[in-house]
Amino acid sequence: MFELTHDKVHDEKRQGEAFAALAVAASSQKKFYIESYGCAMNFADSEVVASILIDRGFGVTQNFEQADLIFLNTCSIREKAELTVRKRLTEFRKLKKENPGLLVGVLGCMAERLKSKFIEEEKLVDLVVGPDAYRSLPGLIEEAETGQKGVNVLLSREETYGDISPIRLNSNGVTAFVSIMRGCNNMCSFCVVPFTRGRERSRDAHSIIKECEDLFAQGYREVTLLGQNVDSYYWVDEDKDEIVSFAKLLEKVALVSPLLRVRFSTSHPKDITDEVLFTMAKYGNICKYIHLPVQSGSTRMLQMMNRTYTREWYISKINRIREILPGCGLSTDMITGFCTETEEDHKETLSLMEYCEYDLAYMYYYSERPGTLAERRYEDDVPEEIKKRRLQEVIALHRIQSLASMQKEVGKTAKVLIEGNSKKSDEHWAGRSDINKVVVFPKTNNDLSKGSYADVLITECTAGTLIGKIV
Ligand code: SAM
Ligand code: SF4
Ligand code: F3S
């Protein structure tokens with residue numbers, strides 16, 4: 001699944017709007033501050049955590065200096081992600097010295113991976129709570145207030161937080177994440193997620209639809225359905241004796257309103273079906289954009305990665321997408337320098353990219369994670385400078401391709417969902433097109449506001465933005 005950059009989510013203006021709506025009441029109320037790292041699922045989880053705490057009478061603050069409780073919702077996907085959290089914790093250490101009553105909690109994947117070891121390693125941490133244990137947070141906070149350390153890292157086979165209405169912390173009021181499943185049953189050899197998030201389970205379809213309906217009623221106009229592997233969504237409606245597959249779920253969400261855009265992430269190439277592609281083609285409000293991580297262009301690497309598809313299988317999926325959904329936006333994830341990767345393997349990655357012409361790619365060099373299959377089975381034998389050089393080559397090729405994909409849009413008309421003012425000017429709107437390109441255009445029509453759709457003729461572009469005018 002695509003990961004979120006700190007900048008993207010910690011857009012102060014957007015946060016400000018959301019937090020103003022949650023304006024904290026009594027001054028005696030204990031306030032928490034929460035900072036999220038990693039993938040969209042973690043950001044969505046923070047909204048569940050906020051809901052659980054606000055329900056118990058806590059208030060939320062955007063300023064950690066005013067907080068009685070500080071939470072870091074952490075990521076373990078690469079070593080660098082963990083180092084970022086460690087660094088942030090040292091910054092909070094100073095604060096805790098000044099205010100000994102302050103509680104610091106670590107949530108999410110790093111909490112799950114390190115468990116109580118975290119408390120031994122980072123003495124200032126009071127709470128360590130894994131992704132399936134957030135309901136126990138209020139009780140653990142009470143314990144921590146008496147000076148005990150609170151740890152709960154139990155993984156569950158059932159927990160989906162389906163009944164909890166997330167509090168939209170970082171929202172622009174137009175787009176929202178909706179979690180549809182948790183965990184992952186794939187065992188990609190490089191990946192720590194199956195260990196930090198546990199077994200895959202799908203959320204009750206009724207609660208998903210209800211959340212989307214509520215969001216629409218509140219003025220939201222786009223939902224992104226989230227899961228590590230959305231195509232394996234599977235839920236049985238026992239009342240109706242109906243099996244709800246991901247394609248069925250997509251259809252049900254699309255039917256909430258034609259004005260509600262639907263996106264989803266992440267699709268696994270082995271699981272995305274024709275039924276999903278045909279459902280996308282059938283509904284105008286399901287965005288024509290697929291994030292289909294490939295990881296490598298070499299079948300030998302893919303086998304070692306345990307991705308369970310070959311280069312040819314992946315290409316056949318891309319062809320099928322292009323056939324059923326012409327013009328569909330495509331993005332991917334790529335890892336360079338996985339164990340034993342040769343120059344030949346690397347060239348296959350570059351040639352696969354040439355073929356697929358991705359609109360967007362999230363590119364990384366391999367970072368060995370403790371406990372994963374790759375760590376146990378293979379030697380991390382590609383020197384770091386080679387991993388990094390190959391990554392630079394992948395990035396350079398992607399830059400050329402993504403600019404070309406922007407230029408292809410010039411002269412076309414895009415239907416844009418307005419998300420707010422453009423970052424650079426209050427005189428311009430910014431939003432995204434169906435195929436997920438950022439579009440900026442002048443505010444010439446007074447009827448438009450955040451959450452409106454506009455037909456925009458694209459007149460020029462930069463590497464990251466399409467620029468146009470209303471038609
Ligand atoms: N479930 C999704 C999938 O199957 O593609 C995404 C999982 S992960 C949250 C996001 C991306 O991080 C992966 O697609 C992969 O490219 C990258 N990643 C995962 N483990 C990694 C590792 N050990 N080193 C470098 N990148 C890694
Ligand atoms: Fe990790 Fe693979 Fe699961 Fe994605 S599908 S979360 S890469 S194990
Ligand atoms: Fe997501 Fe990072 Fe966990 S990418 S699932 S927060 S390891």
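Start by selecting domain 2 and domain 3 together: 20 residues of domain 2 are in contact with 18 residues of domain 3, contact meaning heavy atoms within 4.5 Å. This is a predicted model, in which local features need pLDDT of at least 70 and side-chain atom pairs count only at pLDDT 80 or more, while totals for chains, interfaces and linings use all residues. Residues are numbered from 1 along each chain as its sequence is written, and side-chain values use heavy atoms, with hydrogens and water left out.

To get your bearings, colour domain 1 (17-152), domain 2 (175-407) and domain 3 (413-470) separately; these bounds come from an automatic or database domain assignment. Over C-alpha atoms, the centres of domain 2 and domain 3 are 26 Å apart.

Now show the surface. The two domains bury about 1400 Å² between them, with 54% of it on carbon and sulfur atoms. Buried area here is the accessible area (1.4 Å probe) lost by two parts on being put together, summed over both.

Next, show side chains and pick K437 and D359: they form a salt bridge, with the closest N and O atoms 2.9 Å apart. The rule (a side-chain nitrogen of Lys or Arg within 4 Å of a carboxyl oxygen of Asp or Glu) finds 2 salt bridges across the interface of domain 2 and domain 3.

Last stop: the side of domain 2 that touches domain 3. Select β13 (261-265) and α16 (384-407), which each supply at least two residues to this side; helices (H or I, at least four residues) and strands (E, at least two) are DSSP runs, numbered from the N terminus.

How values were computed: Chains lettered and ligands numbered in written order.
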